[in-house]
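Have a look at the model first, then follow the steps.

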Amino acid sequence: MQIQTCGQLDSKDLIQLCDFVREDISSLSLTPWTTAFLGLLTGLAITWVTVLGNRRAQRAERRNTAQLAALIAVQDVALKLRSRWTEHLDYLQSGSAGPDPFPALAQAALQGQFRTAASRIDNNELREDYVRWEKYAELFFNNSGRQQGYAEQKLWDGVLERSGKNIRWIDA
């Protein structure tokens, strides 16, 4: 490769610089095979980096989708459980002689669904908050007398707020 324009420069310093650069560029001449090989290596490196980036992005997307589904599922089951427990507490406090609207077997089944849904949450603190609420609410709604309604409500509000924040964060 020859630089033909060095003589057209105005400054002597620029002409010397141009001649120096021309000599360095000439010494770098590569064979076509070397150029092709370097192009191939560059292409492979770019492809490898792109594939790794895509895999990471897909893995993160799958994880986010699974966590979003888990958070929504645990909220839904917790709401159903709390509604059924409320019916059960009303039944216990009214002293009705009729059948229990939420018998122990149905409670156990719904609590199993709840615990399964809660176990799918990756956020340990949030999962523990759900479990803490569930244990407290079970005693409260089964009229154990030691728990207070405002404490259960506070736990419930807190767990829903944290769960909602996690959903909004994932969905953003």
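**Exercise 1.** Decide whether Ser163 is buried or exposed, and find its surroundings.

*Solution.* Ser163 has 0% relative accessibility, so it counts as buried (under 20% relative accessible area, with exposed over 50% and partly exposed in between; 1.4 Å probe, protein chains only). Leaving out residues up to four places away in sequence, Ser163 touches Leu71, Gln75, Leu126 and Tyr130 (contact means heavy atoms within 4.5 Å).

This is a predicted model, where local features need pLDDT of at least 70 and side-chain atom pairs count only at pLDDT 80 or more, while totals for chains, interfaces and linings use all residues. Residues are numbered from 1 along each chain as its sequence is written, and side-chain values use heavy atoms, with hydrogens and water left out.

**Exercise 2.** Work out how α2 and α5 are oriented to each other.

*Solution.* The axes of α2 (residues 32-94) and α5 come within 10 Å and cross at roughly 155 degrees (axes are lines fitted to C-alpha atoms, for helices over the stretch in contact; angles run from 0 to 180 degrees between N-to-C directions). The two helices are therefore roughly antiparallel (over 145 degrees; under 35 is roughly parallel, 65 to 115 roughly perpendicular, the rest oblique). Among the contacting residues are Leu71 and Gln75 of α2 and Ser163 of α5.

**Exercise 3.** Do likewise for α2 and α4.

*Solution.* Helix α4 covers residues 124-141, and its axis crosses that of α2 at roughly 10 degrees. That makes α2 roughly parallel to α4. Leu71 and Gln75 are among the α2 residues in this contact, with Leu126 and Tyr130 among those of α4.

Methods:
Helix = DSSP H or I, 4+ residues; strand = E, 2+ residues; numbered from the N terminus.
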